[in-house]
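Hello,

Here is the structure I promised to pass on. Please open it and keep it in view while you read.

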Amino acid sequence: MLIHIIGGFLGSGKTTLLMQIAKWYIDHKKTVVILENESGEIGVDATTINSNGLNAIELKNGCICCSLSGTLQSTLRSIEKELHPDILIIEPTGLALPHKVTGIIRGTVNDEKVSIIGICDAQRFLTLKERKEDFIRMQLAKSDVLWINKVDVASFEEVFEASSWLRKICPGTPLYMVSGKTGEGINDALSSPIFCPD
């Protein structure tokens, strides 16, 4: 089972990009399960995903890297035992640290290959950097691949500043410019070695 964790701050477009990734795998004849971590009472994202014909499981009212870590472990074991997906895509809350989720996964399921896809919101990057730079750094610094999202609506300056900052905190990490809304750059981003359709 190949596991992807989609990390990024609230509103960065993780669910839209998750749908693009899931569709790409389904087009390659892979079975996909999506695990959504919703912090509120109503799981809007999982409802949207299920309405698109994908199998989505929700973990609500807590964070899978903190208060729900035990629930995450038991859910992972159930997914592996009962559903046997080729691909598991995990979307933590926008306030989670993806590398902590990776730590919980390792040793919980067998033969797991885990990667973190870090999503940076180009359109809001300058504001987020000003207000939450340390947290954004912690959230994205251990990503295996980085996607700068919303390049269709962000200015050149916003995209440039985001890419410069990410290259500084994540030297050597593959970096792609994408738009979850228009699909721009998605095929190129999915050429990264962490995505294994075969």
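Below are my notes on the aromatic rings and on one cysteine.

This is a predicted model, where local features need pLDDT of at least 70, side-chain atom pairs count only at pLDDT 80 or more, and totals for chains, interfaces and linings use all residues. Residues are numbered from 1 along each chain as its sequence is written, and side-chain values use heavy atoms, with hydrogens and water left out.

Aromatic rings come first. The structure holds seven aromatic pairs. Rings of Phe, Tyr and Trp (its six-membered ring) pair if their centres lie within 6.5 Å; planes under 30 degrees apart are stacked, over 60 edge-to-face, the rest tilted.

Trp 24 and Phe 195 are edge-to-face, because their planes stand at 80°, with ring centres 6.2 Å apart. Trp 24 lies in helix H1 (residues 14-27) and Phe 195 in the segment after helix H7 (186-189), so the pair ties together parts 171 residues apart in sequence. Helices (H or I, at least four residues) and strands (E, at least two) are DSSP runs, numbered from the N terminus. Both Trp 24 and Phe 195 are buried. Buried means under 20% relative accessible area, exposed over 50%, partly exposed in between (1.4 Å probe, protein chains only). Ring pairs also link Trp 24, Tyr 25, Trp 147 and Phe 195 into a cluster.

Now the cysteine. Cys 170 sits in the loop between helix H6 (156-169) and strand S7 (175-177). Its relative accessibility is 3%, so Cys 170 counts as buried. Beyond neighbours within four places in sequence, Cys 170 is in contact (heavy atoms within 4.5 Å) with Leu 140, Ala 141 and Leu 146.

Best wishes
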